[in-house]
Amino acid sequence: MARSRSQVSSVSSLLTLLALAAWIVPAKALYLYMEGNSQKCFFEDLPSDTMVVGHYNMEHWDHNVRAYVADPNIQAYISVEETFDNDHRIVSQRSAAKGRFTFSAADSGEHRICLSPIGAQATAGAIFGGMSAGSVRLTIDMAIGATSQIESNDKGKLQDLQQKVRDLNARLQDIRREQVFQRVSSDMVSHRKPLVCKLGSGKF
């Protein structure tokens, strides 16, 4: 009887942890089709001190391969504005067509997140259900409120980098020791050389 209660207790604890994890780290993936250099915006109501991390990828329709592909001529412009504070802009970022943006909501309220391609040609894209989609496909994946997870991922990466630096420093110390050993050996050989020369000539 005691064993079954402990099993039920551990199962309910596990379910509670999973529910908390799902609530803490909501991820939202969006797939949008855009025409040329048009802008797409969406709104998020965020509590204060909430970190948002977004990963995005913009691909251009290639008629030759009949697919959306990476285009080095396209860049992305990302802006985030606090609509509750007279559209105060907190992010204005121009970068590659594939990348990441982060920001923290300083105050609670609605935030407008906008992305637009720069340098995209306004051509017809893929045809879905008889309708033409835009020439640019935007894939965006956001983690909202995942501060602890983001920090733990960053800590893991930092720990890996720290370990690599320690390994490189240890290797550098080994190389320096080897250089000192070679220098001392070379000095010892150069000090013995006159003695060998004198022995060879028979003079002491």
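**View 1. A salt bridge between E59 and R137.** In this predicted model, the side chains of E59 and R137 meet in a salt bridge with an N to O distance of 2.7 Å. The term salt bridge stands for a side-chain nitrogen of Lys or Arg within 4 Å of a carboxyl oxygen of Asp or Glu, and by this rule the count comes to 5 salt bridges. E59 lies in strand β3 and R137 in strand β11 (residues 136-144), so the pair ties together parts that are 78 residues apart in sequence. Strands here are DSSP runs of E with at least two residues, helices are runs of H or I with at least four residues, and both are numbered from the N terminus. E59 is buried at 15% relative accessible area, while R137, at 24%, counts as partly exposed. For these words, buried means under 20% relative accessible area, exposed means over 50%, and partly exposed is in between, with a 1.4 Å probe and protein chains only.

A note on reading all the views: residues are numbered from 1 along each chain as its sequence is written, and side-chain values use heavy atoms, with hydrogens and water left out. Since this is a predicted model, local features need pLDDT of at least 70 and side-chain atom pairs count only at pLDDT 80 or more, whereas totals for chains, interfaces and linings use all residues.

View 2. R112 and E81 meet through their side chains in a salt bridge, 2.3 Å from N to O. R112 belongs to strand β8 and E81 to strand β5 (residues 75-82), so this pair ties together parts that are 31 residues apart in sequence. Both R112 and E81 are buried, with R112 at a relative accessible area of 19%. The side chain of D87 also meets that of R112 in a salt bridge, at 3.2 Å from N to O. That pair links distant parts of the chain, 25 residues apart: D87 is in the loop between β5 and β6 (88-96), and R112 is in strand β8. D87 counts as partly exposed, at 38% relative accessibility. Look for R89 here too, as E81, D87, R89 and R112 are linked in a network of salt bridges.

**View 3. An aromatic cluster of Y33, W61 and Y68.** These residues, Y33, W61 and Y68, form one aromatic cluster. Rings of Phe, Tyr and Trp (its six-membered ring) pair if their centres lie within 6.5 Å; planes under 30 degrees apart count as stacked, over 60 as edge-to-face and the rest as tilted. By this rule the count comes to 3 aromatic pairs. The rings of Y33 and Y68 have centres 5.5 Å apart and planes at 50°, so this pair is tilted. Y33 sits in strand β1 (residues 27-34) and Y68 in strand β4 (residues 67-69), so the pair ties together parts that are 35 residues apart in sequence. Y33 is partly exposed at 31% relative accessibility, whereas Y68 is buried at 9%. For W61 and Y68, the ring centres are 5.0 Å apart and the planes are at 65°, so this pair is edge-to-face. W61 is buried as well, with a relative accessible area of 9%.

**View 4. The disulfide of C41 and C114.** A search of the whole structure finds 1 disulfide, a term that means a pair of cysteine sulfur atoms within 2.5 Å. It joins C41 to C114, with an S to S distance of 2.0 Å. The link of C41 and C114 is right-handed, with 110° about the S-S bond. C41 lies in strand β2 (residues 40-46) and C114 in strand β8 (residues 109-118), so the pair ties together parts that are 73 residues apart in sequence. C41 is partly exposed, with a relative accessible area of 35%, but C114 is buried at 3%.

**View 5. The surroundings of Y56.** Y56 is found in strand β3 (residues 50-62) and counts as buried at 3% relative accessibility. The side chain of Y56 makes a polar contact of 2.4 Å with the side chain of S95. A polar contact is a pair of N or O atoms within 3.5 Å; within protein, one must be able to donate a hydrogen and the other to accept it, and residues adjacent in sequence count only if both atoms are side-chain atoms. A polar atom of the Y56 side chain also lies 3.2 Å from the backbone oxygen of A96. The C-alpha atoms of Y56 and G99 are separated by 5.6 Å, although these residues are 43 residues apart along the chain.
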